[in-house]
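Subject: Structure for your study

Dear colleague,

Please find below the structure that I am handing over to you. My notes on it follow directly after.

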Amino acid sequence: MPSHTRLTPLAITVALFSSHCAYAANTAGVPCATTEQCAAQAAKIGATVEKPKLAGDPADSQFAWLNRINQASIVMLTEEGIVTPELGRKIAGGVRYAIDQGDQPDGRRPTDVLQLEQIMTDKIGPEASLIHSGRSRQDMLATYRLATLRTDVLAMADALNSTRQRLLVLADKHIGTLVPAYTNGVQAMPISYAHYLLAFEAAFERDGQRIHELYQRLNLSPMGTAVLANSAYPLNRERLAELLGFDGVRENSLDASQVSTYDIPIEAVNIASNAAIRVGAMVGDIHTQYHQIRPWLLLDEEKTYTSSAMPQKRNPGLLMRAREAASDVAGLAQAVTLRAHNVTTGMTDYKFAFDSLGVFDATREMFSATNAVLDALQVNPQRALEELENEWTTSMELADTLERLHKVPFRIGHSFASLIVEEARDNGLTPKNFPYDHAQKLYAQAAEHYKWSPATLPLDEATFRAALSPRAMVNTRKGTGGPQPEEVKRMLAEAHQALEVDRQWLKTKRNNLANAQGNLDKAFSSLLSTTP
């Protein structure tokens, strides 16, 4: 070093540091000629590289979103006077160039912030880096990931609604179709198939409510918080949020890019997992019936496939694929949670797990597979009624009728019905052919056991038979939410209305995002066209 050269304190520090270690790799430091080269260089030093998605709009890619953030940043910086209008226009030109070259067949679409900035610098000079005033990879990537998550959540809502619609259309057709309902895996009582379907639709409606509540917490912008504690620049975070389609800002700057990035994605994937559990249960119910020799639930034979060896066998591939998809969603959601478990705040482990693990791609596949099952489902009302009439799922109504009409204590009626079921099963009898005189003797036996008088069965044979009728039992139910036809019709109408409300909510949110994009494009174009 020449003797006349004077070193500043900073230069001395840098020189000493450099003599002991190499500089950290800079993703912008090595030129890359293609998107693949840019990704390889970023991956080589462990920088985040976007994984290709199974589905999605290229406009939602990381490259596209970094450019969108760049557009919003230069608009806001110019509006706030942090850069002059002339400089804002020049930097906006660099942003426009980066976008336009990426649209070319041989264009570069890097997903790293500094590689994208280098494209702008190569075009307009070092002033391009002024766009980075008051910001960091941290708030930029947190913003991108939230924008990706909200797109995924809205797509999940859309897929969920399509399954709910199918459940309601199917329920409309089966208000009068009686089927057995189960508890503990055993036939319990008769209900209508519409009532059964409405139970699952109600659960999916709650998932819709959860999505609405999540979206309020999700759609708050981290942009403008820089690394985690804001910056000395007077950035207008609210303006950035508006331009990028957010409903407001996440106030605490540490929470915005480092802490909320744990719980918001976990909440989202748990909604998907919750739905997957119900999908699995519903498919399991269908599959249980499909196992039977004479099932009342079948799939359209054109939607099954034959065994390669057994001519009689029709394999329900649609059921298996739907159940597998549901299992994938539940498993991937747990993986997202585990990625966040025991990780110190600020690490990347948990920040993009929902995206990199593909939870929402799997969720869309799950609902699509479920729709295929529902579209292929064939219900045989006569066979379902036959199953009910050959079993004793109405025996509780016998005890209820005795108590309701003749004030016979329920436990006596229950004992009487149990004695009937026991004798019937021993002798292969059904409710339709069980001898009335045997019923009279068994009632006397139950009354004697409880020392109840009179010991004479107070039901005539017609009332006795009616009490054991599945349709009479369903039709005479009382109370809100039961399987009685009028109550099922009421619930169906309300479920259709609730679904329409959710569809309108989804339409509104997507319109809001489209309007925000339009406003950003307008503001950016205005800046570009500013007269020097």
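Over residues 122-331 the chain is 60% helix and 10% strand, and the end C-alpha atoms lie 45 Å apart. UniProt, in an unreviewed entry, places the feature "domain: Fumarate lyase N-terminal" at these residues; its positions are given in the numbering used here, feature names are shortened, and annotations may be inferred rather than shown by experiment. Helices (H or I, at least four residues) and strands (E, at least two) are DSSP runs, numbered from the N terminus.

This is a predicted model, in which local features need pLDDT of at least 70 and side-chain atom pairs count only at pLDDT 80 or more, while totals for chains, interfaces and linings use all residues. Residues are numbered from 1 along each chain as its sequence is written, and side-chain values use heavy atoms, with hydrogens and water left out.

The protein chain as a whole holds 19 helices and six strands. Its C-alpha atoms fill a box of roughly 125 × 55 × 45 Å along the principal axes. Of its 532 residues, 48% count as buried (under 20% relative accessible area; exposed is over 50%, partly exposed in between; 1.4 Å probe, protein chains only).

Helix 10 covers residues 317-340. Its 24 residues should span 34 Å at 1.5 Å a residue, and its end C-alpha atoms are 35 Å apart, which agrees (the expected span is 1.5 Å times one less than the number of residues). Among its buried residues are Ala322, Ala326, Val329 and Ala333. An α-helix has 3.6 residues a turn, so residues three or four places apart point the same way. The cover over the buried residues of helix 10 includes helix 9 (253-290) and helix 12 (359-376). Just after helix 10, Asn342 takes a positive phi of about 60°.

Strand 1 (residues 178-183) and strand 2 (residues 186-192) run antiparallel and are joined by six bridges (two strands pair if DSSP finds at least two bridges between them). Ala181 stands opposite Met189 in strand 2. In this hairpin, two residues lie between the strands, and Asn184 takes a positive phi near 55°.

Leaving aside residues up to four places away in sequence, Trp65 touches Ala59, Asp60, Tyr144, Ala147, Arg150 and Leu244 (contact means heavy atoms within 4.5 Å). The C-alpha atoms of Trp65 and Ala147 are separated by 8.4 Å, although these residues are 82 residues apart along the chain.

Yours sincerely
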